[in-house]
Amino acid sequence: MPIFYTIFPLSMNVHLLKDVGMIPYVLFRDYGYDSTLVAFQNEANYFALEKEVKGLKIEYIESDSCYRFGKPSFKVIKYIWNNAPKMDVLNLYHNTKETLLYGLIYKIRNRKGVLYIKLDLNLERFKETLTRFKRIGYSFYFKKIASVVSYELDYVGNYLFSSFPSLSDKFLKITNGIDDQFITDSHIRIFLPDEKENLIIIVGRIGAPEKNHELLLNVLQDINLKDWKVVFIGPIESKFQKFVCSYFTEHPELKSKVIFTGAIYDRQILYSWYNRAKVFCLTSYWESFAIVLVEALYFRNFIITSNVASAMELTNNEQIGRIFRNSNELKLSLQVVINEDVDLFDMYYKIGNYSQNYIWSDILKPLDQRLKQLLR
């Protein structure tokens, strides 16, 4: 049984349901790994361990008040130094100095160990900061230190293969996904097209600056919603709460049309909203890989999204969704759906077929094969 460790110091419950938790968990459940997630104890109770990722182990490192994302922590270094010899595989995230140093220490302590780095790469920023010296450094590191380096999106992979051709045997596409086994075990039935409601949903940290939810609210005042409702699902930032209060004072006619549910931590209840909805809307300025869009696809939601990194791939080049680049395009995209100028019945089946590309157990099969080959 391969011993697989993921180290992500800032892990919270929300991370257990994303790639940070799902990769070690699905490798444990479906592929026979002994998986452990290592983090500071950032929450009093990691309740996802008892339900969504049951069987995934967690080990806590003593909290480091000086820790900042991307900067190495001595306490994490100490943990890796002491525990590296028992780790068959170490999984780290991003291409930060922190990750590169941790990986180096791991390989010094365990030369036969397999180092797997999931890049989650912001390609535009990577290109901007890629000096000749860094290119040489990455080439050496990925060749000599890292065993597997994965990317999430095709256009990122195309860049990596063309820019680092000598490292083609290191790169592997591991996108993000949804755990359909949890959905099956929870007895969640995907609603048929005629069971869905005229709902547009938004899921995330409502009012977080990068989410740009003000844009959607401002656009809604100029749309004829007819019998449609818009539902914001997630914890509401305190500053945004004031904006919402002012918004409803100015537009009282929208109070029955625009709904805020607050935080929903029960996955089954959250998925029931996706199941009921016809449309999912994302307005973020940026997202590295929007896992909420994968969830929306699985529940056959037509996607209307800003031009985030994963937008083109997750809308299948806009064949099963729309990408907007300004408020007018957002308004038009919403109105044509509400006016039934988009055949959502036909889209339902196209979206369902395409969503099968984002099932965790299938996504991780190539990684399992690569890891076991390296371990042999």
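Gln-335 touches Ile-223 and Asn-224, leaving aside residues up to four places away in sequence. This is a predicted model. Gln-335 is found in helix α14, residues 327–338. An open sheet of seven strands is another feature of the model. The points below take the sheet, its helices and the cysteines in turn.

**Gln-335**

- Gln-335 has a relative accessible area of 16%. Buried means under 20%, so Gln-335 counts as buried.
- Helix α14, where Gln-335 is found, is also part of what covers the buried residues of α15.

**The seven-stranded sheet**

- The strand order is β3-β2-β1-β4-β5-β6-β7, and the pairing is parallel.
- The edge strands are β3 and β7 (171–173), and each pairs on one side only.
- Neighbouring strands of this sheet are turned by 25° against each other on average, direction ignored.
- Strands of a sheet pair through backbone hydrogen bonds, either parallel or antiparallel.

**Strand β2 and its partners**

- Six of the seven residues of β2 are buried, so β2 is largely enclosed by the rest of the structure.
- β1 and β2 run parallel and are joined by five bridges. Thr-6 stands opposite Leu-37 in β2.
- Five bridges also join β2 to β3, and these strands run parallel. Here Thr-36 stands opposite Lys-57 in β3.

**Strands β6 and β7**

- Strand β6 (residues 148–151) runs parallel to β7, and three bridges join them.
- Val-149 has Phe-171 in β7 as its bridge partner.
- Helix α7 (residues 154–163) packs on the sheet and touches β6 and β7. The direction of α7 makes about 135° with that of β6.

**Helix α4**

- α4 lies across β4 (89–93) and β5 (114–118).
- α4 runs at about 170° to β4.
- α4 (97–109) is also among the elements that cover the buried residues of α3.

**Helix α3**

- The buried residues of α3 (residues 74–83) are Val-76, Ile-77, Tyr-79, Ile-80 and Asn-83.
- These residues cover an arc of only 160° around the axis, which puts them on the same side of α3.
- Their cover includes three strands of the sheet: β1 (3–7), β2 (34–40) and β3 (57–61).

**Helix α15**

- Helix α15 (residues 344–355) has 12 residues, which should span 16 Å at 1.5 Å a residue. The end C-alpha atoms of α15 are 15 Å apart, which agrees.
- Leu-344, Met-347, Tyr-348, Ile-351, Gly-352, Tyr-354 and Ser-355 are buried in α15.
- Seen down the axis of α15, the buried residues fall within an arc of 165°, so they line one face of the helix.
- Phe-345 and Asn-353 are exposed on the other side of α15.
- The cover over the buried residues of α15 includes α12 (291–298), β12 (302–306), α13 (311–314) and α14.

**Cysteines**

- The count of disulfides comes to zero.
- Cys-281 has 0% relative accessibility and counts as buried.
- Cys-245 has 44% relative accessibility and counts as partly exposed.

Methods. Residues are numbered from 1 along each chain as its sequence is written. This is a predicted model: local features need pLDDT of at least 70, side-chain atom pairs count only at pLDDT 80 or more; totals for chains, interfaces and linings use all residues. Side-chain values use heavy atoms; hydrogens and water are left out. Buried means under 20% relative accessible area, exposed over 50%, partly exposed in between (1.4 Å probe, protein chains only). Helices (H or I, at least four residues) and strands (E, at least two) are DSSP runs, numbered from the N terminus. The arc is that of the directions from the helix axis to the C-beta atoms. Contact means heavy atoms within 4.5 Å. Two strands pair if DSSP finds at least two bridges between them. Axes are lines fitted to C-alpha atoms, for helices over the stretch in contact, and angles run from 0 to 180 degrees between N-to-C directions. A disulfide is a pair of cysteine sulfur atoms within 2.5 Å. The expected span of a helix is 1.5 Å times one less than its number of residues.
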